[in-house]
Amino acid sequence: MFKNLLGTITTRFIIAVINFIIILLTSRELGPEKYGTISLIILVISFVLIFGGFIGSASLVYMASRYDLFKLFVISYVWTFISSVLVTAILYFLNLIPSGFAVSVLFLSLIRTLTEVNQTILLGKEKIAKFNSITLIQTIITLVVIIYLFLIIGKKEVTSYIISIYIAYIISFIISFIYIFKDLKYTDFKGIDKIVKEVFKFGLFVQTSNIIQQLNYRLSYYIVDSFLGRYALGVFTLGVQLSESIWIISKSMATVLYARISNSSDAEYSKNITIRFAKISFLISLFCIIVLLIIPENIFILIFRKEFGGMKNVIAFLSIGILSVATSTMFGHYYSGTGKPHFNTMCSIIGLVFTLTFGFVLIPELGITGAAMTSTFSYFASFMFSLVIFINITKTKYRELFVLKDDFKLIIQEIKKFKNKN
């Protein structure tokens, strides 16, 4: 497990560095207003991905070791085509897609969702290295194309960014399909209706939670855009993205944790490993937050542009919320990995209530600072509810949540095992 964890964290770190360069180039070359447009396009694509995941996302990880892989693959691909078209059409008629980009959103969402299906199959089979390599390749290609279009050709437009992710998505899909192709052994379609019901039932809980959680994370984008304008949205988005880069560790750990718990039947083991991962994620994320907070705002302005002044306030007011998510992510993956995704839905609903309660009050009054405060209230409320649920269903004692020497000893033991094997 440690090998997978180390590989995942290393890959995610490299991806984070590359993403930072992409963010730097895009924000500096396009400015706040165009950067805000890009953030909305990516947000819309993420919504389509979530609906595609009703069958093709977390449910596949849980089901991959329990049902026929070929049937799961067919079901997921069919649902991807249906959901991508329907959801994009709905978002278009609701005027939630930036003008002129509806077709791009449809095809980008379709390609990315199919790739995610392939990646999820790899994750369900605990082929973590291949899973990580696809995301890394996609990020590298995006950066290379952006550099070519922005700096060499000089085409500094939103469409240049769209072209870069088109190319990256298509190549990553081809590679991911090659990775899973040898595991796809044709079988008949007998009993596929039962699998559809089971997969959709499981995915309904997981993705309903994800949809609500995505609203928690990104509803503020639309509120900022509506009350403050696209320029302010660009500034707020950049601050959010820099803050959320701290989640690299927690997301890496959660990926490995979910794959391991989904393939384990030992309840005590699942509980203990989740607690340890949560504590380690908390400590590392806390350190990263402190580092980010001590950086002077002048440095941010120097690195990006003076137009992005105000990001430091966003980062400061988001810090507690970022730490809350970094920790609660482990509990969320525990619920999904043990077949209890409805708890994630409940946590997300709690967070959404806070977002709706404070968002339309604080954002018009306090601007992007109010948006950051709204997110923190939402994230912290979800975290506290998730923690309470975890304690109750696992009978965890409060002293188990404190950081102990044994937690570090376990890490050292895993490192030694890894070294001995290599």
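Which helices each supply at least two residues of the nonpolar patch? I looked this up in a predicted model, where local features need pLDDT of at least 70 and side-chain atom pairs count only at pLDDT 80 or more, while totals for chains, interfaces and linings use all residues. I number residues from 1 along each chain as its sequence is written, and side-chain values use heavy atoms, with hydrogens and water left out.

**Surface patch.** The helices are H1 (2-56) and H11 (297-303), helices here being DSSP runs of H or I with at least four residues, numbered from the N terminus. I find Phe13, Ile14, Val17, Phe20, Ile21, Ile299, Leu302 and Ile303 in the patch, with about 680 Å² of accessible area together (Shrake-Rupley method, 1.4 Å probe). Such a patch takes residues with over 30% relative accessible area and no salt bridge, nonpolar side chains being joined within 5 Å. H1 gives the most, with five residues.

**Salt bridges.** I count six salt bridges (a side-chain nitrogen of Lys or Arg within 4 Å of a carboxyl oxygen of Asp or Glu). In one of them, Glu29 pairs with Lys156, the closest N and O atoms being 2.7 Å apart. Glu29 lies in H1 and Lys156 in the loop between H5 (128-153) and H6 (158-181), so the pair ties together parts that are 127 residues apart in sequence.

**Helix packing.** I noted that H9 (residues 248-262) and H10 (residues 267-293) pack at an angle of about 175°, with axes 10 Å apart (lines fitted to C-alpha atoms over the stretch in contact, with angles from 0 to 180 degrees between N-to-C directions). That makes H9 roughly antiparallel to H10, a term for angles over 145 degrees.

Key:
Parallel < 35°, antiparallel > 145°, perpendicular 65-115°, else oblique. Patch = residues over 30% accessible without salt bridge, like charges linked within 9 Å, V, L, I, M, F, W, Y side chains within 5 Å.
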